[in-house]
Each structure stands twice: as structure tokens, then as C-alpha cells.
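Please look over the model below before reading on. The text then takes up its aromatic rings and its pockets.

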Amino acid sequence: LERMVEIFAALEYTEERQVLFAVFQFDGPARAWWNMVQAKWEREVIPRTWENFVREFNSKFIPPIVQERRVEAFIRCRQGVQSVADYETQFTKLSRYAPVFVGTDQMRIQRFIQGLNVELQESLAAVPATTYGEAVERALRVESAKALVNNFQAKRKVPAGFGQGMMESAPPPKFGRGMGGPSGFRPPRGGVARGSGFRGAPSGGTPSGRGQGRSEVPGSSSGQACDFCGKLR
């Protein structure tokens, strides 16, 4: 039956032609059953529509318990995390087993919109759709527009406190040995008094660096070392 529905959609058959095509393939008990149904329709003046045919077919060839489960699945059918296209496919497939809920085009539209997510329902409520195809088309367009907006906002969104958090969590700067503070200069321990040499200067000054670093150097007239660089004057 589902295969025939796909053929009908491809060939754009009318409802009456769909019924004729389906019953043409019946044989044996199925043909006898259809003759009884056809006589009842003529007697009660029931339109020969595909919807009426599917209802009669399901009541005959699908067990009642299976039919009830399909109807319950149709009632619970919701979009959820599905796309609109996937939801519409499931909705159409299950609606075949619950024709009483989609007896008219307006009933079908209403049931379809009720199963959409809330944000899509709000967008479709402003201007009601007149046909089921229009309702599906508008839902697809709204879904596409919302996806573009969400992608745009995601690209422009910067986490709150992103820069500040990095600065606060960053470790304090480390200075190398012999460097202290932002200036990069650390005086030797004990301080440096004007007129005194650095500790360990090659001038031969006092080990503690206190006082003037004067020394006698062979071949030198003065032998006095520079207070800052330690070179002989």
C-alpha cells in the first residue's frame, strides 16, 4: 500500500484513479472483499476517495491492535530534534492509519502545526496557511531562517569575561636571575653605595663590595677600578 502511494505521488493521480489502480491489482479474497465494499459504497453513497479506501483496507487487513498502536504513534508524533522535513515524512506515514484526525485539509494542517516545535508554531500563527503544502513550505522556510540567525549569533558571540578571565588566571611574570621588577635591574644585596664596586669585580676590591675598590696592578699608574663596570681606569 505504501509503495502504491509513492507511485500515486510520482504520477499525480487523482483520488478516484488511485482507488481504481489499487483495486485493479486485487485478486482472490482481496477481490471478493473489494466487491463487497464497492457495493456498500454505492448503497450508502460514499465517495470513492483514497482516504475512505485506506480506512476500509486497514480495517480488513491490519489487525486492530496494530491499528491502535499506529494511531497512538500518530497522536504522539512531534518534531522534537528532527528537522521539519523528517517530521513531515513521519507525520504523513502515520496519518494513513488515523484518517479520522486528518479528515479535511484544515484538520491536517492543524495537526501538523501542533506537532511542530513551539518557536515554529509561533512563526506560523501570524498568517494561517490555506493548504497543507503551504503549511509545510512555510515551516521549512522559517526553520531555514532561524538556522541562519543562530549561526550568525554563534559566530559573533564572545564568552563573557573571556579576556579578563585569561588575565586573572595567567601566572605572574617571572624575571631572570639578576633581574628584579619591571625595569629589569636589581641592585646587589646590601645595596650599592656611590663610590663602591660590585661584589666579585675583577678590580680586586673587597669581597663585600663595601668601600672603594682600589688595588695595585702591575704596569698601571693608578690601578683604580670603575665603580659601576669594574674596568680599570
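**Rings, charges and a pocket**

R108 lies over the face of Y132, at 4.7 Å from the ring centre. A charge counts as sitting over a ring if NZ of Lys or CZ of Arg is within 6 Å of the ring centre and within 35 degrees of the ring normal. The charged end of R70 is likewise placed over a ring, that of Y97, 4.6 Å from the centre.

The model is predicted: local features need pLDDT of at least 70, side-chain atom pairs count only at pLDDT 80 or more, and totals for chains, interfaces and linings use all residues. Residues are numbered from 1 along each chain as its sequence is written, and side-chain values use heavy atoms, with hydrogens and water left out.

Rings also meet rings. A pair of aromatic rings is described by the distance of the centres and the angle of the planes. Rings of Phe, Tyr and Trp (its six-membered ring) pair if their centres lie within 6.5 Å; planes under 30 degrees apart count as stacked, over 60 as edge-to-face and the rest as tilted. The structure holds 22 aromatic pairs. One of them, F8 with F21, is edge-to-face, at 5.5 Å centre to centre and 80° between the planes. This pair links distant parts of the chain, with F8 in helix α1 (residues 2–11) and F21 in helix α2 (residues 15–24), 13 residues apart. Helices (H or I, at least four residues) are DSSP runs, numbered from the N terminus.

How exposed or buried are the two partners, F8 and F21? Buried means under 20% relative accessible area, exposed over 50%, and partly exposed in between (1.4 Å probe, protein chains only). F8 is buried at 3%, while F21 is partly exposed at 27%.

Y87 and F112 have ring centres 5.2 Å apart and planes at 25°, so they are stacked. Here too distant parts of the chain are linked: Y87 belongs to helix α6 (residues 84–95) and F112 to helix α7 (residues 105–114), 25 residues apart. Y87 is buried, with 0% relative accessibility, and F112 is buried at 0%.

Ring pairs also join residues into a cluster, among them F8, F21, W50 and F61.

W50 and R108 return in the largest pocket, where they are among the residues nearest the centre of a lining of 17 residues. Helices α1, α2, α4 (50–61), α6 and α7 each supply at least two residues of that lining.

Conventions: On a 1 Å grid over the protein atoms alone, a cavity is a set of points where a 1.4 Å probe fits but cannot get out, and a pocket is an open set with protein on both sides within 12 Å along at least five of seven lines; lining residues have an atom within 4 Å of a point.
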